[in-house]
Amino acid sequence: MEWSIEKKTNLLLGFYVAALIAANFLGGKLMPIGFSNRGLTVSIVMFPFLFLITDIVGEVHGMKKASEFVTVGLISLILVLFWQLFSLSVPAASPNEWYAVYNPAYNTVFGLSVTFTIASI
């Protein structure tokens, strides 16, 4: 199966948006670096791929297409932000065992990702 340049570009756009959103959702996890007690967010792993994708697109299709990737990424982040805010604002279906145990954790994790999403916009 041979892929056209358009299909390859669309695949890169999908990778770009996925990595951008993943960086915002996974940013709260720290991984150890070196021999110190310091940590580095796992999101940092996504950014070289984001740069590489926009660089490849810029070289193959020109800077206008690379700018379109960035615009699509920005719009995607804004849309994800609205979904995050909505999911945090609606109550759980009914107060039950799940609600008591997991809803505060859900709000903590996704509340933190809202902060990352706002910061990256």
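## Confidence of the model

The protein has a mean pLDDT of 89, and 99% of its residues reach 70 or more; pLDDT is the predictor's confidence in each residue, from 0 to 100. This is a predicted model, in which local features need pLDDT of at least 70 and side-chain atom pairs count only at pLDDT 80 or more, while totals for chains, interfaces and linings use all residues. Residues are numbered from 1 along each chain as its sequence is written, and side-chain values use heavy atoms, with hydrogens and water left out.

Helices (H or I, at least four residues) and strands (E, at least two) are DSSP runs, numbered from the N terminus. Where pLDDT is low, the predicted coordinates should not be read in detail.

## Nonpolar core

The largest nonpolar core has 14 residues, and those that touch the most other members are Tyr16, Leu20, Ile21, Leu50, Ile53, Val57 and Phe69. A nonpolar core is a set of buried Ala, Val, Leu, Ile, Met, Phe, Trp, Tyr and Cys residues joined through side-chain atoms within 4.5 Å. Helix 1, helix 2 and helix 3 each supply at least two residues of this core, and the largest share, six residues, comes from helix 1.

Leucine 20 is placed in helix 1. Its relative accessibility is 12%, so leucine 20 counts as buried (buried means under 20% relative accessible area, exposed over 50%, partly exposed in between, with a 1.4 Å probe and protein chains only). Between leucine 20 and serine 43 the C-alpha to C-alpha distance is 9.0 Å, at a separation of 23 residues in sequence.

## Aromatic pairs

Rings of Phe, Tyr and Trp (its six-membered ring) pair if their centres lie within 6.5 Å; planes under 30 degrees apart count as stacked, over 60 as edge-to-face and the rest as tilted. The count by this rule is three aromatic pairs. One of them joins phenylalanine 25 and phenylalanine 110 edge-to-face, at 5.8 Å centre to centre and with 80° between the planes. Because phenylalanine 25 lies in helix 1 (residues 5–25) and phenylalanine 110 in helix 4 (residues 97–120), the pair ties together parts that are 85 residues apart in sequence.

Phenylalanine 25 is partly exposed at 32% relative accessibility, and phenylalanine 110 is partly exposed at 27%. Ring pairs link Phe25, Tyr106 and Phe110 into a cluster.

## Salt bridge

The structure holds one salt bridge, defined as a side-chain nitrogen of Lys or Arg within 4 Å of a carboxyl oxygen of Asp or Glu. Side chains of opposite charge can pair when their charged atoms come close. Here the partners are lysine 65 and glutamate 68, with an N to O distance of 3.5 Å.

Both lysine 65 and glutamate 68 lie in helix 3, three residues apart, about one turn of the helix. Lysine 65 is partly exposed at 29% relative accessibility, and glutamate 68 is partly exposed at 34%.

## Surface patch and exposed residues

Ile33, Leu40, Ile44, Val45, Phe47 and Phe49 form a nonpolar patch on the surface, with about 500 Å² of accessible area together. Patches are made of residues with over 30% relative accessible area and no salt bridge: like charges are joined within 9 Å, nonpolar side chains (Val, Leu, Ile, Met, Phe, Trp, Tyr) within 5 Å. Accessible areas come from the Shrake-Rupley method with a 1.4 Å probe; for residues, only the protein chains shown count as cover. Isoleucine 44 sits in the loop between strand 2 (39–41) and helix 2 (46–61) and is partly exposed, at 40% relative accessible area.

Glycine 34 is in the loop between strand 1 (30–32) and strand 2, and is exposed at 70%. Glycine 34 and alanine 119 lie 85 residues apart in sequence and 27 Å apart in space, C-alpha to C-alpha. Glutamate 97, in helix 4, counts as exposed at 66% relative accessibility. From glutamate 97 to serine 120 the C-alpha to C-alpha distance is 35 Å, over 23 residues in sequence.
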